[in-house]
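Hi,

Here is the structure I promised to pass on to you.

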Amino acid sequence: MDIESRTYQNTVKKESWRTVLTLAYQSLGVVYGDLSISPLYVFKSTFAEDIEHSDSNDEIFGVLSFIFWTITLVPLFKYVFIVLRADDNGEGGTFALYSLLCRHARVNSLPSCQLADEQLTEYKTESPLEMGPRSGFAARLKSTLEKRRVLQKVLLVLALIGTCMVIGDGVLTPAISVFSAVSGVELSTAKEHHKYIEVPAACVILIGLFALQHYGTHRVGFLFAPVILLWLMCISAIGVYNIFHWNPHVYQALSPYYMYKFLKKTQSKGWMSLGGILLCITGSEAMFADLGHFSQLSIKIAFTSLVYPSLILAYMGQAAYLSQHHVIDTSYNIGFYVSVPEKLRWPVLVIAILAAVVGSQAIITGTFSIIKQCSALGCFPKVKIVHTSSKIHGQIYIPEINWLLMVLCLAVTIGFRDTKRLGNASGLAVITVMLVTTCLMSLVIVLCWHKNILFAIAFVVFFGTIESLYFTASLIKFLEGAWVPVALSLCFLAAMCTWHYGTLKRYEFDVQNKVSVNWLLSLGQTLGIKRVRGVGLIHTELVSGVPAIFSHFVTNLPAFHQVLVFLCVKSVPVPHVRPEERFLVGRVGPKQYRMYRCIVRYGYRDVHKDDIEFEGDLVCSIAEFVRSEAETAVAETNGDDDDDERMSVVGTCSTYMQGVEDHDGSDLDDPDKPGTSEIRSPMAKKKKKSKVKKKVRFIVPETPKIEKETREELMELTEAREGGVAYIMGNAYMRAKHGSGLVKRVAINVGYEFLRRNTRGPRTALTSPHASTLEVGMIYHV
């Protein structure tokens, strides 16, 4: 038995390691595409017009020393050993850190949060690092953050600044990567003519890259990892060749002493050149941002075993070549390609362009992902999100953002036409994101990991000092290209803050103007309200009460459906909500009124279902609520804010463990059999040609007291579902109240209304059938 047990453990261990190594290989194309192509432009950006070259190698060795220690300290020590451990249930990125802080310090910016949300599995899951009692300082810091709204807003703005810089990086990284890769043609053409080839070629590649985004990367994604693997092997092999062929003693430059000599000799110009050296770590944030697609161990293995040594060898090889070739004509002959043996330049050029495209694809996909997170948390206008793959998580496409990125990317490429200024712009965006991560990580160390304040201070001082040095060096180049990410970030930040402010004001108006359930129940006598056949879904942001938009509707048109559902689709500050915890269902008023409240909860990385599947899950969840309520007599309370409504957690159809039967279309039982009520998924109607039609049967308990009443309710729900579903949507126009300040009037009347009119409506409006949708207009004076 022991031998069998050991054999089983070894098999599981082998399978787990096989999975980890497979993920490590796949991460090369997704995570490290941007970081791997940095040797194309680092030396070229660093030496461009800033440093006067001499016959000695002090400047070259100094730059190499800076590159080595920067890559070692920031990507390796900071991200691999520390930041990767601050995951939010396996997810990473700026908003993952912000989400952790929201849950641990109760600084959530979402207005519709409930106590029931804190019962979610991922909400309560703690990291292995979260051990030990909270220190006195941590408790005081938590209390201060919870009490002071100003600090909560500062924390949100800090997270948004990091997000805006990521979007700016999504504009600049494709431009500098593709332009640097194409710049290899300058060695094969006359100096005065190569610019006429580089810019058009780079623009054509960029247009093709963005034009193909709507197809998704799952069709060609299998090529990403091999391309980056081939590129890393290529640059490391060329690096080894250059080291042994030109200067085997280049390893001496790894000593920190050469950094001191570099700054002492070059002084202010050397400090300004740090903005170019900074580009060697561009793409490091992707290790954390893409954590949800892979695992901590796989990302660590890929970086430490392949990416890190390949990059170090590539930079050492370039330095070895340059140390023996001091005749440098500004930046023309100091690019990556000049150190490549002449016979290999064209093959390397092709591989470099492919690697640049892969690296650009990774940052574009990352930009789509972070905008989706912002939109889910109410910090970005509603946009159309297309999931390009049903199997691969996280592959999305946002048309509006894609074309905006393409226009901006082409604008900076054509406008700058220079690696130096593109590098200045990209460097400031990269280092700002890292500074934001450092600040948020210091709070995570104290509030989430419950570590001593000294650990947080040491983390901020050590890494913050390094990043501040690079930040100031990048900021000094403000007029030489660094203004681009600042301008882009300010525009996106203004849009995000305006949208978030307008969203909060709209929700506050809904809360202040909601009507009671008793008012709704009394309407039947005063207005002669009629009930018509079908299911009416009233979309609302409220989690309790009757929205003003519905009272406005029913007083002007005194009729609504036989089954009424107040539907709230909201996001919660967790990456994913499990299917069995998706729905919160409760009653509104007495049973005979057939009115329900359904709160559908999604995480900021969850995939929203389409209208057909969502509609089926919604109706099934209400039926399951009725069935379970009949069994327990009283629905389970989950801490809802409204004491008049009891909410129960109900999963999707596939999660029901009892009282539900899933079977194919060849049903042998009579659906009209007493004691049963059948609700069919509408997917069966859509897929008529499919052999298997999914049905969900709710079996009513045989208890005499509740059998008849429950069966009647389920039958009525089935009848209403067959009568059709109508979507009643609110179309609110926001207006600032008379006497409001200038800033508020501009933000609401101009900014928010402009964004609302020119972006998408509520999430459910995107998928609801137009023929079944009724919009109710109303003016909100906030």
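How many bridges join β5 to β6, and do the two strands run parallel or antiparallel? There are 5 bridges, and β5 and β6 run antiparallel.

Before the rest, a word on the ground rules. This is a predicted model, where local features need pLDDT of at least 70, side-chain atom pairs count only at pLDDT 80 or more, and totals for chains, interfaces and linings use all residues. Residues are numbered from 1 along each chain as its sequence is written, and side-chain values use heavy atoms, with hydrogens and water left out. Helices (H or I, at least four residues) and strands (E, at least two) are DSSP runs, numbered from the N terminus.

Let me stay with β5. Towards β6, R587 stands opposite Y596. β5 also pairs with β7, again in the antiparallel sense, over 4 bridges, and F583 has V650 of β7 as its bridge partner. Pairing here requires that DSSP finds at least two bridges between two strands.

Now for the sheet as a whole. It is an open sheet of 7 strands in the order β7-β5-β6-β4-β3-β11-β12, with mixed pairing. β7 (647-650) and β12 (773-781) are at the edges with a single partner strand each, so one side of each has no neighbour in the sheet. From one strand to the next the twist averages 25° (axes are lines fitted to C-alpha atoms, for helices over the stretch in contact, and angles run from 0 to 180 degrees between N-to-C directions). Strands β4 (residues 559-571) and β6 (residues 595-602) run parallel and are joined by 8 bridges, with L564 opposite M595 in β6. In β3 (residues 530-539) sits R533, which is partly exposed at a relative accessible area of 48%. R533 and A720 are 187 residues apart in sequence, yet 5.9 Å apart in space, C-alpha to C-alpha.

Two helices are also worth a look. α14 (residues 296-323) has 28 residues and reaches 38 Å from its first C-alpha to its last, close to the 40 Å expected at 1.5 Å a residue; the expected span is 1.5 Å times one less than the number of residues. α14 has a kink of about 40°, centred on F303 (the bend at a residue is the angle between axes fitted to the seven residues ending there and the seven starting there). In α23 (residues 611-632) you will find E624, which is buried at a relative accessible area of 9%. The side chain of E624 makes a polar contact with the side chain of R627, at 2.7 Å (a pair of N or O atoms within 3.5 Å; within protein, one must be able to donate a hydrogen and the other to accept it, and residues adjacent in sequence count only if both atoms are side-chain atoms).

Finally, the cysteines. A search of the whole structure finds 0 disulfides, a disulfide being a pair of cysteine sulfur atoms within 2.5 Å. For C102, the closest cysteine sulfur is in C379 at 9.0 Å, too far for a bond. C374 also has its closest cysteine sulfur in C379, at 6.3 Å, which is too far for a bond.

Best wishes

Note on methods
Buried < 20%, exposed > 50% of the residue type's maximum accessible area, 1.4 Å probe, protein only.
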